[in-house]
Amino acid sequence: MLITGIKSRPVYDRLSPMSSGTSHLIAGQGSGGEAMLRLYAEMSPTQRQQSTFFYSTETFSGHSHLQALQETETKGLEVFASNQALMEALAQNLNEAHMGTRLYLSGSESFIGTAMQAANAVDLTPDEVLREHSGTLVRRVWCVHCDTYTENVTHRVFTCPGCQFDLVVRDHYSRRLAAFQGVKADGEVPGELPASEELDT
């Protein structure tokens, strides 16, 4: 059986100000803007002045909090048209960050998982990062056959845009890859596909 039933979805936090931080980097996407705004409201005036917002307007749910974020008073707000552009800026910022930097992430599971790869690359510890899921739990899937990543997968069986195989989405989540695994759906019996039900996202 290709579907193992193993549940390894990450457990997320609730964003709240980390008092030990001297610099606060807050990155969010789409619906994640709501958690960013709530975090801002809970911060002290000093923490707000130590905070930089990174916000991507790319969203699966269609929600945007850009206007409200533009009205906040922080060290800075950088807006990106895509999650990928934000990730590139985030990685560069983290490479240049000083001791005392605290990272806050809010958005889709895919967004958070990819951002955590940048955080892990600079050895941020668990007590230096908070992650809050926002919006729909669509899945990011990695094809084991051609190494293609597919964003926003909502059904158990889908066609890989890389190799064109019909893939079945396993429930195993890889933190290293920041994705669920997709394997050839008819690998055991050619032409026989499992039902493509909606994922229990």
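Biologist: Why is H24 called buried rather than exposed?

Modeller: This is a predicted model, and the values are computed from it. H24 has a relative accessibility of 1%. Buried means under 20%. The value of 1% falls under that cut-off, so H24 counts as buried.

Biologist: Where is H24 found, and which residues does H24 touch?

Modeller: H24 is found in strand 1, residues 23-29. Not counting residues up to four places away in sequence, H24 touches M18, M43, Q47, Q50, S51, T52, R102 and Y104.

Biologist: What makes the pair H24 and Y104 a polar contact?

Modeller: Their side chains come to 2.8 Å. The cut-off for N or O atoms is within 3.5 Å, and one atom must be able to donate a hydrogen and the other to accept it. The pair is listed as a polar contact.

Biologist: Now strand 2. How do you know whether S56 is buried or exposed?

Modeller: S56 is found in strand 2, residues 51-56. Its relative accessibility is 0%. Under 20% means buried, so S56 counts as buried.

Biologist: What does the side chain of S56 reach, and which side chain joins it in a polar contact?

Modeller: The S56 side chain reaches the backbone nitrogen of E58 at 3.2 Å. A polar contact of 2.7 Å joins the side chains of S56 and N83. Leaving aside neighbours within four places in sequence, the contacts of S56 include G28, Q29, G30 and F80.

Biologist: N83 belongs to helix 4. Why are helix 4 and helix 5 called roughly parallel?

Modeller: Helix 4 covers residues 83-95 and helix 5 covers residues 109-121. They pack at an angle of about 25 degrees, with their axes 9 Å apart. Angles under 35 degrees count as roughly parallel. The angle is about 25 degrees, so the two helices are roughly parallel to each other.

Biologist: Which residues make the contact, and how many are nonpolar, polar or charged?

Modeller: Helix 4 brings N83, L86, M87, L90, A91 and L94. Helix 5 brings F111, T114, A115, A118 and A119. By class, the contact has nine nonpolar, two polar and no charged residues.

Biologist: What is the handedness of the crossing?

Modeller: Helix 4 passes helix 5 in a right-handed crossing.

Biologist: On to V144. Why is V144 called partly exposed?

Modeller: V144 has a relative accessibility of 30%. Buried needs under 20% and exposed needs over 50%. The value of 30% lies in between, so V144 counts as partly exposed. V144 lies in the loop between strand 6 (139-143) and strand 7 (149-153). Leaving aside neighbours within four places in sequence, V144 is in contact with Q181, G182 and V183.

Biologist: What makes the phi of D147 worth a remark?

Modeller: Most residues other than glycine have a negative phi. D147 is not a glycine, yet has a positive phi of about 70 degrees. D147 is placed in the loop between strand 6 and strand 7.

Biologist: What is the phi of N152, and where does N152 lie?

Modeller: N152 has a positive phi of about 60 degrees, although N152 is not a glycine. N152 lies in strand 7. At 30% relative accessibility, N152 counts as partly exposed.

Biologist: Last one. How do you know whether E192 is exposed or buried?

Modeller: E192 has a relative accessible area of 52%. Exposed means over 50%, so E192 is exposed. E192 is found in the segment after strand 10 (179-184). Not counting residues up to four places away in sequence, E192 touches A185 and D186.

Conventions
Residues are numbered from 1 along each chain as its sequence is written. This is a predicted model: local features need pLDDT of at least 70, side-chain atom pairs count only at pLDDT 80 or more; totals for chains, interfaces and linings use all residues. Side-chain values use heavy atoms; hydrogens and water are left out. Helices (H or I, at least four residues) and strands (E, at least two) are DSSP runs, numbered from the N terminus. Buried means under 20% relative accessible area, exposed over 50%, partly exposed in between (1.4 Å probe, protein chains only). Contact means heavy atoms within 4.5 Å. Axes are lines fitted to C-alpha atoms, for helices over the stretch in contact, and angles run from 0 to 180 degrees between N-to-C directions. Angles under 35 degrees count as roughly parallel, over 145 as roughly antiparallel, 65 to 115 as roughly perpendicular and the rest as oblique. A crossing is left-handed if the near helix is turned anticlockwise from the far one by less than a right angle, and right-handed if clockwise. Ala, Val, Leu, Ile, Met, Phe, Trp, Tyr, Cys and Pro count as nonpolar, Asp, Glu, Lys and Arg as charged, and the others, Gly among them, as polar.
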